[in-house]
Amino acid sequence: MDREIGQDVQRRRIVRRVLVAGVAIAAASFSLAATVEWLRPSVARDEMQTAKVTRGSVEATLQASGTVVPLVEQVVSSPVEARVLRVGRRAGATLKAGDELLTLDTAATRLEAERNDERLTQKMSENEKLSLGLDESIASLEAQLEQKKLDAEIFHHTATQKRKLRAEGLATDQDALAAEAAAKKSDIEIRQIEEAVRRAKRSRDLQLAAARTDLSFVRREAEESRRQLALAMLRADRDGVLTWVVPEVGAMVRRGDIVARIADLSAYRVIAQVSDVHSSRIGAGMRVNVKLDGLTLGGTVESVDPRIESGVMKFYVTLDQPSHARLRNNLRVDVSVVTGRRAETLVVRRGALGRTSSAHAFVVRGDDAVRVPVRFGLAGDDAIEIAEGLREGEEVVISDMSEYSDVANVRIK
């Protein structure tokens with residue numbers, strides 16, 4: 001026969017069931033919360049780089065690659081067409097002014113110089129002979145003129161006497177007229193000879209001027225031949241380093257061919273290259289930062305090469321410190337062209353910010369990195385402008401967070 005369960009027993013059973021159910025619910029809730037927390041994305045703090053938003057200046061830059069080259073490089077050309085007899089120095093040699101570079105075969109040049117000297121001597125002799133001949137002709141005319149003037153004086157004296165005698169009836173009219181005619185004829189002959197003397201002198205001056213011009217031309221040719229003969233012993237006219245020289249003895253070089261290059265390694269500049277898509281953004285006078293092995297040197301765009309080859313544009317940079325001790329010939333450097341600058345604006349150390357199309361950044365708030373919309377402004381090598389979205393003093397994640405681009409909140413461990 002069944003007995004009725006007591007009230008105390010029933011209460012204890014109900015309490016036990018409630019406790020079990022409560023514990024089960026709490027355990028399930030804790031497990032669910034732990035699972036959600038475990039599934040939420042997280043990142044270790046020591047694997048994350050952050051920076052504070054500050055107020056300062058930022059420079060927008062355009063990246064290019066460059067090569068350090070000597071500021072001055074002299075090109076030595078062959079003054080004559082000749083064969084290389086001897087190479088005095090090899091590439092890489094340090095030179096002093098006057099050091100021999102090359103010796104050329106000058107036999108043909110020497111023969112040409114001697115021939116021009118002979119032409120010069122001959123031309124000088126011809127000019128002297130011409131001058132003497134012309135002076136002699138003029139002297140002869142002047143002697144005739146003096147003789148005619150003496151004759152004219154006699155004729156005029158005779159005519160005067162005849163006029164007096166005719167007036168006294170001692171001479172006929174025919175004699176007086178004949179004497180007058182002879183005097184006039186002598187005056188005409190004097191004027192003709194005087195004109196001939198003037199023409200002869202003008203002709204002499206013109207012929208001598210032409211002869212002097214010819215002589216000057218021949219003299220210049222002779223001087224040029226002697227100069228080329230002297231230059232054929234090619235020597236350095238400045239201190240420097242021989243960066244290139246014709247290497248083969250016996251090689252034929254034509255007049256004007258480059259036979260050596262001498263670089264002055266006491267000062268340098270930079271030849272930079274950039275894609276032609278940026279050609280409109282670079283101009284002379286822009287400031288430049290040149291980076292080499294942790295060192296940054298300032299400079300200015302000196303000129304832009306208008307030619308574009310294989311999609312690459314060149315420009316030349318003048319350095320503020322062209323003689324810096326760290327500069328070396330053919331050293332590869334990174335070149336940043338400053339295309340814009342803004343002061344007194346919100347900036348943050350750049351890191352990975354602004355290097356993708358993302359318009360968001362993660363801000364550290366407590367133990368979380370919260371994704372917020374941001375509008376970036378000018379972007380430089382080391383800093384980027386914050387136009388909208390962040391406030392001064394906020395801590396921003398600057399390491400690469402692209403794998404969390406679709407996550408609104410990242411836990412920081």
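A residue is called exposed when its relative accessible area is over 50% and buried when that area is under 20%. Asp293, with a relative accessible area of 66%, is therefore exposed. This briefing applies such terms to a predicted model, in which the protein chain has a mean pLDDT of 81.

**Confidence in the model**

- In the protein chain, 87% of the residues reach a pLDDT of 70 or more.
- Confidence is highest in strand 13, with a mean of 93, and lowest in helix 1 (residues 7–39), with a mean of 58.
- Residues 32–39 have a pLDDT below 50, and this stretch has one contact in the model beyond near neighbours in sequence.
- Where pLDDT is low, the predicted coordinates should not be read in detail.

**Nonpolar cores**

- In soluble globular proteins, nonpolar side chains tend to be buried together.
- The largest nonpolar core of this model contains 22 residues, and Val270, Ile282, Val290, Phe315 and Val335 have the most contacts inside it.
- Two or more residues of this core come from each of strand 3 (54–77), strand 10 (258–275), strand 11 (287–292), strand 12 (295–309), strand 13 (312–319) and strand 14 (332–349).
- A second, separate core has 19 residues, including Leu95, Ala236, Val253 and Ala260.

**Strand pairing around strand 16**

- Strand 15 (residues 360–365) and strand 16 (residues 368–373) run antiparallel and are joined by six bridges.
- Within this pair, Phe362 stands opposite Arg371 of strand 16.
- The two strands form a hairpin with two residues between them, and Gly366 in the turn has a positive phi of about 70°.
- Strand 16 also pairs with strand 20 (residues 409–412), in the antiparallel sense and over three bridges.
- In that pairing, Val370 stands opposite Asn409 of strand 20.

**Two buried residues**

- Glu385 is located in strand 18 (residues 383–388).
- Because its relative accessible area is 6%, Glu385 counts as buried.
- A polar contact of 3.0 Å links the side chain of Glu385 to the side chain of Thr345.
- Leaving aside residues up to four places away in sequence, Glu385 touches Val58, Arg342, Thr345, Leu346, Val347, Arg375, Phe376, Gly377 and Leu378.
- Val76 belongs to strand 3, and its relative accessible area of 9% makes this residue buried.
- Although Val76 and Ile258 are 182 residues apart along the chain, their C-alpha atoms are separated by 5.8 Å.
- Ile258 is also among the residues that Val76 touches, together with Leu101, Leu234, Asp257, Val259, Ala260 and Ile262, when residues up to four places away in sequence are not counted.

- Asp293 lies in the loop between strand 11 and strand 12.
- The phi of Asp293 is near 50°, a positive value in a residue other than glycine.
- Glu344 is placed in strand 14 and has a positive phi of about 55°, although it is not a glycine.
- Glu344 has a relative accessible area of 60%, so this residue is exposed.

Methods
Residues are numbered from 1 along each chain as its sequence is written. This is a predicted model: local features need pLDDT of at least 70, side-chain atom pairs count only at pLDDT 80 or more; totals for chains, interfaces and linings use all residues. Side-chain values use heavy atoms; hydrogens and water are left out. Helices (H or I, at least four residues) and strands (E, at least two) are DSSP runs, numbered from the N terminus. Buried means under 20% relative accessible area, exposed over 50%, partly exposed in between (1.4 Å probe, protein chains only). A polar contact is a pair of N or O atoms within 3.5 Å; within protein, one must be able to donate a hydrogen and the other to accept it, and residues adjacent in sequence count only if both atoms are side-chain atoms. Contact means heavy atoms within 4.5 Å. A nonpolar core is a set of buried Ala, Val, Leu, Ile, Met, Phe, Trp, Tyr and Cys residues joined through side-chain atoms within 4.5 Å. Two strands pair if DSSP finds at least two bridges between them. pLDDT is the predictor's confidence in each residue, from 0 to 100.
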